[in-house]
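Open the model in your viewer and keep the selection panel at hand. Each stop below says what to select and what is there.

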Amino acid sequence: AKRRKINSPFDGTLSSYSYTLMVIHYLQQKRILPNLQNPPDMVLRAAGLEGCSRTKYLDGGHNVWFLSPEEVSGSDRAEDSSTPKTPPEAGSRSDTALWLGGEPPPLELPELLYGFFRYFTVEFN
């Protein structure tokens with residue numbers, strides 16, 4: 001982006017931080033990255049946080065609550081408080097499906113890149 005001169009906010013283009021946020025948003029919409037501020041109900045149940053308040057305010061008005069993956073770890077084990085909870089193997093199918101509410105779509109990089117530009121030019125409001 002720097003070489004093509006499209007990441008200079010001083011010249012009226014977006015910053016690299018803006019592009020990063022756009023990529024995260026797109027991947028969350030495609031259910032490839034989890035949204036930690038709005039996890040599926042089954043994730044909250046696994047963490048024992050069903051019905052909990054999903055708010056934590058900063059500076060009087062910004063909700064900064066998010067669910068940490070460590071809060072969900074070990075949820076499939078017996079409820080034995082003497083056994084320390086350990087996170088499931090990172091990237092395992094069950095762990096990914098739990099956080100995303102299902103299996104992520106099997107998209108290749110060219111499809112994701114095309115989808116990113118299409119999303120922000122046609123679909124995004």
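How many residues does helix α1 have, and how far does α1 reach from its first C-alpha to its last? Keep in mind that this is a predicted model. Select residues 16-29: α1 has 14 residues. The helix reaches 20 Å between its first and last C-alpha, close to the 20 Å expected at 1.5 Å a residue.

Now select R31, which follows α1. The phi of R31 is positive, near 60°.

Next, the aromatic rings. The structure holds seven aromatic pairs. Start with F116 and F117, an edge-to-face pair. Their centres are 5.3 Å apart, with 75° between the planes. That angle counts as edge-to-face because it is over 60 degrees. Is F116 buried or exposed? F116 counts as buried, at 12% relative accessibility. F117 is partly exposed, with a relative accessible area of 49%.

Move to F120 and F124. This pair is tilted: 5.2 Å centre to centre, 50° between the planes. F124 is partly exposed, at 41% relative accessible area.

Last stop: the nonpolar cores. Which residues make up the largest one? Select V43, L44, A47, L49, W65 and L67, six residues in all.

Definitions and conventions: Residues are numbered from 1 along each chain as its sequence is written. This is a predicted model: local features need pLDDT of at least 70, side-chain atom pairs count only at pLDDT 80 or more; totals for chains, interfaces and linings use all residues. Side-chain values use heavy atoms; hydrogens and water are left out. Helices (H or I, at least four residues) and strands (E, at least two) are DSSP runs, numbered from the N terminus. The expected span of a helix is 1.5 Å times one less than its number of residues. Rings of Phe, Tyr and Trp (its six-membered ring) pair if their centres lie within 6.5 Å; planes under 30 degrees apart count as stacked, over 60 as edge-to-face and the rest as tilted. Buried means under 20% relative accessible area, exposed over 50%, partly exposed in between (1.4 Å probe, protein chains only). A nonpolar core is a set of buried Ala, Val, Leu, Ile, Met, Phe, Trp, Tyr and Cys residues joined through side-chain atoms within 4.5 Å.
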